[in-house]
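Have the model open beside you as you read.

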Protein chains: 2
Amino acid sequence: MRRTYTCNELTLKNIGEDVVLNGWVHSKRDHGSLIFIDLRDRYGLTQIVFNPETNKNIYMQAKELRSEYVLEIHGKVETRPQESLNNAIKTGEIEVEVKDLIVLNKSKTTPFEISEDNEIKEELRLTYRYLDLRKKKLQNNFILRSKVNQITRNFLYNNDFLEIETPILMKSTPEGARDFLVPSRNHPGKFYALPQSPQTYKQLLMIAGFDQYFQIVKCFRDEDLRKDRQPEFTQIDIEMSFVEVDDVIDMASKLICEIFEKSIGYKIKLPIEEISYKEAFERFGNDKPDLRIPFEIVTLNELFKNSEFMVFKETIKNKGSIAGIKIKGGVSFTRKKIDLMIEDAKNKGAKGLAYLKFKDGNFETGISKFLSSDEKDSLKRKFELDDGDLLLLVADSYNVVYPILGEIRLEIANELNLINENEYNFLWVVDFPLLEFSEEENRFVARHHPFTQPKLYSENIFDESPENIIAKAYDLVLNGNEIAGGSIRIHQKKLQERMFEILKISKKEAEQKFGFLLNALQYGAPPHGGIAFGLDRLIMLLTKAKSIRDVIAFPKTNSAYSLMEGAPSYVVDNQINDLHLKLKNI
Amino acid sequence: MRRTYTCNELTLKNIGEDVVLNGWVHSKRDHGSLIFIDLRDRYGLTQIVFNPETNKNIYMQAKELRSEYVLEIHGKVETRPQESLNNAIKTGEIEVEVKDLIVLNKSKTTPFEISEDNEIKEELRLTYRYLDLRKKKLQNNFILRSKVNQITRNFLYNNDFLEIETPILMKSTPEGARDFLVPSRNHPGKFYALPQSPQTYKQLLMIAGFDQYFQIVKCFRDEDLRKDRQPEFTQIDIEMSFVEVDDVIDMASKLICEIFEKSIGYKIKLPIEEISYKEAFERFGNDKPDLRIPFEIVTLNELFKNSEFMVFKETIKNKGSIAGIKIKGGVSFTRKKIDLMIEDAKNKGAKGLAYLKFKDGNFETGISKFLSSDEKDSLKRKFELDDGDLLLLVADSYNVVYPILGEIRLEIANELNLINENEYNFLWVVDFPLLEFSEEENRFVARHHPFTQPKLYSENIFDESPENIIAKAYDLVLNGNEIAGGSIRIHQKKLQERMFEILKISKKEAEQKFGFLLNALQYGAPPHGGIAFGLDRLIMLLTKAKSIRDVIAFPKTNSAYSLMEGAPSYVVDNQINDLHLKLKNI
């Protein structure tokens with residue numbers, strides 16, 4: 001028979017009703033005279049009772065029931081006795097007295113309990129993923145993820161975006177990360193690649209005139225995995241025609257607003273603040289600042305422009321940077337702790353880390369003896385110093401000073417618990433550099449990707465200091481995490497060719513890899529741009545999950561291995577042979 | 001500046017308004033005194049007018065405009081002159097007099113015109129896919145596809161299904177079709193496979209207690225392609241716990257009902273008829289009957305049980321089948337045509353094809369002289385013969401007679417245009433055989449897949465005539481196409497092991513390939529079942545597209561090649577090397 005209710009439905013309204021329930025034995029309490037079982041399904045729990053006086057036979061069967069058995073029960077809804085009311089759950093005022101019991105399936109003893117509060121090795125959890133996923137907390141992550149998907153698609157669809165599927169078997173055009181390859185059986189020696197993103201396809205959809213596109217889509221990167229990276233990940237992928245930076249930012253802001261409000265009831269105040277890459281770098285030391293941390297980096301070049309302190313003097317002379325951060329109450333840091341921080345700063349590439357303790361209205365220790373009283377006064381004012389504050393200063397080249405202070409800022413904030421975990425802080429970072437020089441490859445590489453449009457375009461834009469070119473690129477940052485990134489794309493063939501040139505992609509290579517795109521740009525490509533949200537990361541932040549693996553149903557380990565089914569695995573020689581391949585001696 | 005309207009919005013209500021439009025030059029008519037352009041975007045067309053008296057300069061620029069140029073125009077909405085009203089389009093009563101023109105991008109002459117009625121070689125269309133996709137008809141296919149996706153997900157989500165993503169990089173467990181393989185860089189000599197379906201994952205989600213799952217998901221098969229097959233295809237994938245055949249059929253019927261009503265306004269009458277596989281086979285010769293064809297196969301064993309005609313007599317004796325179809329007005333078939341049909345039937349494996357013409361109340365030619373008048377009378381009544389009808393009869397073994405008559409039925413129906421193309425005929429085929437014997441592999445293979453539950457289970461079910469076991473499997477058929485298929489799955493470890501055994505999958509192989517599933521079945525697996533819709537096929541039928549490639553944005557050819565970007569392609573040796581592989585000498 002079919003269940004008539006799930007395990008999260010019955011209330012006092014159902015008293016006296018005959019019902020059928022399905023579920024798992026979540027817990028069992030044998031009180032001798034009565035047996036109580038919490039029957040569990042995805043929706044909730046319902047207490048069922050076996051009473052020997054009502055039905056001795058079924059009561060005896062219930063004695064044999066064990067955790068995770070799957071049951072079908074028939075019974076009558078009764079009021080719970082006063083002393084066992086449970087307001088924490090929806091069905092907490094009722095129980096079902098069982099009149100008929102069918103064991104749909106048994107369960108061996110599970111390798112770990114299906115409860116929230118056990119600390120189990122992740123390897124075991126991943127091996128028995130189907131059991132791990134029975135935990136309420138994990139289930140809730142996927143219930144929320146499913147909800148976010150619907151909210152996202154409905155919002156975009158209702159705003160005239162079309163969902164269009166792009167191929168998974170595509171052409172290998174690695175630029176940056178490594179492609180996963182798929183050998184072709186029909187075309188010996190040739191390979192497909194799995195998409196790192198549907199970038200070129202979505203641009204072609206704009207050229208085809210689809211105007212507004214979206215897709216929640218799997219992407220793939222064969223990278224050496226870091227924490228919280230997966231070989232396959234999911235993007236909310238979006239592209240729009242006839243737009244500029246502001247249009248995409250506006251649309252994406254509304255989307256994230258909708259997601260947060262409808263999924264967890266959190267209202268984001270629009271518009272979301274925008275700051276330039278340069279400002280983010282100089283105030284927070286990176287391009288994804290966490291604004292929940294209540295202090296930031298302060299540039300001190302102006303303040304120390306006449307400093308007699310040799311280190312600062314030299315720095316000013318060499319057009320370097322001097323900057324610092326204030327740690328409230330930091331004077332309590334021990335000498336040992338400060339020495340460790342100095343050591344750490346040096347390991348990170350700084351020549352040193354200067355400090356100043358502010359106590360009883362005066363600067364103490366550190367470099368205070370090298371500073372003039374004017375400089376001290378200025379510092380006091382600039383940092384609004386209070387008794388007990390500690391200043392940490394770095395003087396070095398521009399590209400060294402800020403990232404180091406940025407890292408120290410994050411570390412201190414975590415150490416001193418300065419971050420409000422209940423706050424969601426959003427920020428747009430805009431005006432990224434178009435290019436950055438890769439020492440390793442001895443060439444400029446695209447900071448975003450080679451299809452990004454420069455902010456101001458002229459014929460000779462690339463002739464001098466390409467590193468200074470600003471891109472029409474933007475990132476959405478949430479609590480120090482990049483959750484979305486995008487750009488306005490190049491829609492002019494000539495500019496795209498120039499871009500490949502500056503990246504030292506030869507004409508031949510450009511033609512071979514991206515000829516189809518260059519071709520398409522000749523036939524009436526509209527101005528267009530877009531954005532992609534990292535969905536896994538976003539869900540992780542929404543659910544406050546500790547790991548990205550807690551929001552992916554069947555994740556891989558850091559070595560891209562699936563412990564549950566054992567993938568990748570060896571295959572039979574025939575399969576390899578049919579692909580015109582041989583294994584190398586390994 | 002941003003557009004203020006799309007090209008399908010302006011009506012008489014907007015007269016006098018200053019507007020900004022973006023779009024492509026769809027067509028241009030230079031009347032000397034005035035230039036008219038139909039400006040096109042995804043939404044529609046708007047007529048824009050360049051008048052030298054209003055602005056000579058812009059009029060001169062307009063002279064240079066060519067097809068597929070991308071424009072931004074500023075202008076004022078005016079009423080169209082009476083003689084150029086166009087009721088066929090929404091904007092047909094207005095035109096926009098252009099006051100400012102910006103050419104956003106130019107276009108070379110396209111290799112084919114962006115119009116509906118040109119017959120272009122598909123190769124050219126696929127090479128310039130981004131131009132082909134500009135055609136209204138194709139665009140409409142994708143607009144409908146996007147809509148169907150939303151209808152589907154909203155229906156399922158609102159019915160408590162969770163959308164959960166399953167991995168694309170999975171374990172290779174080929175059974176039936178060939179897997180696409182992905183070599184692992186981190187695990188030398190090992191491979192991932194792309195999923196042929198998320199079958200095992202969705203079962204594990206049920207074991208994890210997610211209760212109801214869905215996903216619109218890409219699947220992959222490395223097959224030698226036939227017409228209307230693609231190496232990657234999309235499924236609406238569904239799984240439910242605590243259900244039986246009727247529950248899945250009921251839910252899937254409601255889903256398809258919702259899709260047809262909300263996407264194209266077609267109401268399907270529920271419940272959808274169900275017939276057994278056996279009945280489908282004997283009445284229509286296959287498992288996906290097209291009921292729009294107004295005649296079916298009639299079994300004549302009873303009628304001819306005492307026949308003196310040697311062929312029939314022998315057939316009855318050998319427990320074969322005699323069956324026939326009636327073709328209304330078929331007496332007009334020429335002798336030559338009938339000879340061709342006989343030849344064709346023989347090529348299809350029949351020993352022959354008998355025929356009878358019914359004319360002026362009498363049987364003529366063919367085998368009429370071998371039949372008794374009783375038999376003739378019975379035939380008349382059985383087929384309700386009218387003057388001019390033709391009977392085609394086959395006598396042979398059971399497995400030969402019906403498929404051949406089924407094929408002839410389809411051919412004749414197409415030839416004589418007997419199919420109402422505006423009708424959507426739905427049908428559930430149920431009670432499929434669980435197994436079929438593969439002569440090639442000399443073993444039983446699963447007709448659906450090895451996880452399908454038999455209808456009646458007993459310990460010794462597999463001991464005698466496995467070919468007679470009925471499965472809890474069901475297909476949804478639309479106009480002779482299987483559009484969905486599913487089954488109730490095995491949730492008992494023992495039965496699953498017995499199933500692998502009967503399929504001659506050794507214990508070791510079963511453990512190696514499916515050990516994780518067998519394991520999972522021990523820990524409280526609920527009864528469960530599901531279904532998957534072939535989305536590409538479904539959209540093709542909804543849009544009446546001629547090819548599956550017309551509903552896939554970037555399809556591959558029959559040799560699994562993408563003509564647009566050239567995929568698969570050669571990759572650099574390094575890439576292959578890193579995967580611990582060598583190309584074989586090809």
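Start in chain A, where strand E14 (residues 354-359) runs antiparallel to E16(A), joined to it by four bridges. Within this pairing, A:Ala354 has A:Leu393 of E16(A) as its bridge partner. Strands here are DSSP E runs of at least two residues, helices are H or I runs of at least four, and both are numbered from the N terminus; two strands pair if DSSP finds at least two bridges between them.

Before going further, a word on the model: it is predicted, so local features need pLDDT of at least 70 and side-chain atom pairs count only at pLDDT 80 or more, while totals for chains, interfaces and linings use all residues. Residues are numbered from 1 along each chain as its sequence is written, chains are lettered from A and ligands numbered from 1 in the order in which they are written, and side-chain values use heavy atoms, leaving out hydrogens and water.

E16(A) has another partner. Strand E13 (residues 321-327) of chain A pairs with E16(A) in the antiparallel sense over seven bridges, and A:Ile327 stands opposite A:Leu390.

H14(B), residues 535-543, is mostly covered, with seven of its nine residues buried; among them are B:Leu535, B:Asp536 and B:Met540. Just after the helix, B:Lys544 takes a positive phi of about 55 degrees.

Stepping back, chain A has 15 helices and 23 strands, and 59% of its 586 residues count as buried. Its C-alpha atoms fill a box of roughly 95 × 75 × 55 Å, taken along the principal axes.

Finally, how do the two chains relate? Chain A can be laid on chain B by a turn of 180 degrees and a shift of 0.0 Å along the axis, with an RMSD of 0.0 Å. That is the relation of a two-fold axis. The superposition is by least squares on the C-alpha atoms of residues with pLDDT of at least 70 in both copies. Because 100% of the interface residues of chain A are also interface residues in chain B, the copies meet through the same surface.

Conventions. Contact = heavy atoms within 4.5 Å. Buried < 20%, exposed > 50% of the residue type's maximum accessible area, 1.4 Å probe, protein only.
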